[in-house]
Amino acid sequence: MPISAIPASLSYADADTRLGGALSAVFEGAGASPGYDEVLFFDGDLTLDGDFLNAVNELHGGDVELVVVTGDLKVNGPIALYEDRPGLYVGGHTQAETLEGGEAEIYIHDGAFTHLVYGWYNHGSLRTGTVDTPWVIDYDHAMDVYAPGGRWVNNYDDDEDADFAVGDSIVEAFVPEVVDAEDRCLDVDEFLNRLQAGLPVLRSGVQTTAESASDGVVGARLAE
């Protein structure tokens with residue numbers, strides 16, 4: 001397993017001090033809910049193979065409450081944190097196949113995610129700097145994600161600000177294989193499976209409003 005930073009087990013207070021208060025600025029921290037006592041602290045860049053959580057558990061040999069990487073994090077696989085532990089903080093650039101959050105607190109700076117960023121349910125939070133990813137999917141989650149090149153899907157309710165949202169917007173835009181016909185939303189597992197297989201998820205010719213407007217501008221310029 002490639003690894004360039006050696007992990008240390010620190011108290012939350014010690015880890016926060018070493019980062020100049022960066023943890024307490026973004027996490028609820030010790031003494032609050034969810035609260036963290038122990039931090040698995042990587043001082044420097046970190047590269048892991050396979051699923052992020054499996055790799056971290058293999059390194060640590062036990063339950064992890066909060067993972068901190070002070071440098072860049074590269075994961076040759078997904079980052080999928082659906083339980084409340086561990087949380088994740090990355091001080092540098094994060095690269096992985098996916099960034100998926102559920103009950104955990106996740107805070108990263110800039111990053112790149114091959115397939116998607118996904119926030120599930122109304123516990124936990126997922127916050128990023130500028131990230132490069134084709135899809136951002138929100139299911140009633142506390143998300144603060146800036147993905148200027150990505151398409152945004154509200155997979156929980158109707159949302160005029162999203163590119164696609166629950167109901168006709170999703171049913172009419174996406175191929176049937178990735179749509180839950182009963183709830184009229186995306187089946188995210190099937191959606192991700194098709195992305196990983198290199199198969200289309202949108203019906204032929206479907207574009208967002210912004211993409212359509214962009215094509216119109218290009219066409220007008222060519223006509224000139």
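Modeller: In β4, Leu-66 stands opposite Val-39. Strands here are DSSP runs of E of at least two residues, and helices are runs of H or I of at least four residues, numbered from the N terminus. The model is a predicted one, in which local features need pLDDT of at least 70 and side-chain atom pairs count only at pLDDT 80 or more, whereas totals for chains, interfaces and linings use all residues. Residues are numbered from 1 along each chain as its sequence is written, and side-chain values use heavy atoms, with hydrogens and water left out.

Strand β2 (residues 38-42) pairs with β4 in the parallel sense over 4 bridges; two strands pair if DSSP finds at least two bridges between them. Strand β4 and β7 also run parallel, joined by 4 bridges, and Leu-66 has Gly-87 as its bridge partner in β7. Within β4 (residues 66-69), Leu-66 and Val-68 point one way, Val-67 and Val-69 point the other way, and all are buried. Buried means under 20% relative accessible area, exposed means over 50%, and partly exposed lies in between, with a 1.4 Å probe and protein chains only.

The loop between β6 (79-81) and β7 (87-90) contains Pro-86. The peptide bond from Arg-85 to Pro-86 is cis, with omega near 0 degrees. Most peptide bonds are trans, and most residues other than glycine have a negative phi.

Rings of Phe, Tyr and Trp (its six-membered ring) pair if their centres lie within 6.5 Å; planes under 30 degrees apart count as stacked, over 60 as edge-to-face and the rest as tilted. By this rule there are 13 aromatic pairs. One of them joins Tyr-89 and Tyr-107, whose ring centres are 5.8 Å apart with planes at 10 degrees, so this pair is stacked. The pair links distant parts of the chain, with Tyr-89 in strand β7 and Tyr-107 in strand β9 (residues 105-108), 18 residues apart. Tyr-89 counts as buried because its relative accessibility is 7%, whereas Tyr-107, at 22%, counts as partly exposed. In the pair formed by Trp-120 and Tyr-121, the ring centres lie 5.3 Å apart and the planes are at 35 degrees, so the pair is tilted. Trp-120 is partly exposed, at 31% relative accessibility. One aromatic cluster is formed by Tyr-12, Phe-27, Tyr-36, Tyr-89 and Tyr-107.

Tyr-121 also has a positive phi of about 70 degrees although it is not a glycine. Tyr-121 is located in the loop between β10 (111-120) and β11 (125-132), and is partly exposed with a relative accessible area of 34%. Arg-184, likewise not a glycine, has a positive phi of about 60 degrees. The loop between β16 (179-180) and β17 (185-186) holds Arg-184, which is partly exposed at 32% relative accessibility.

As to confidence, pLDDT is the predictor's confidence in each residue, from 0 to 100. The protein averages a pLDDT of 90, and 90% of the residues score at least 70.
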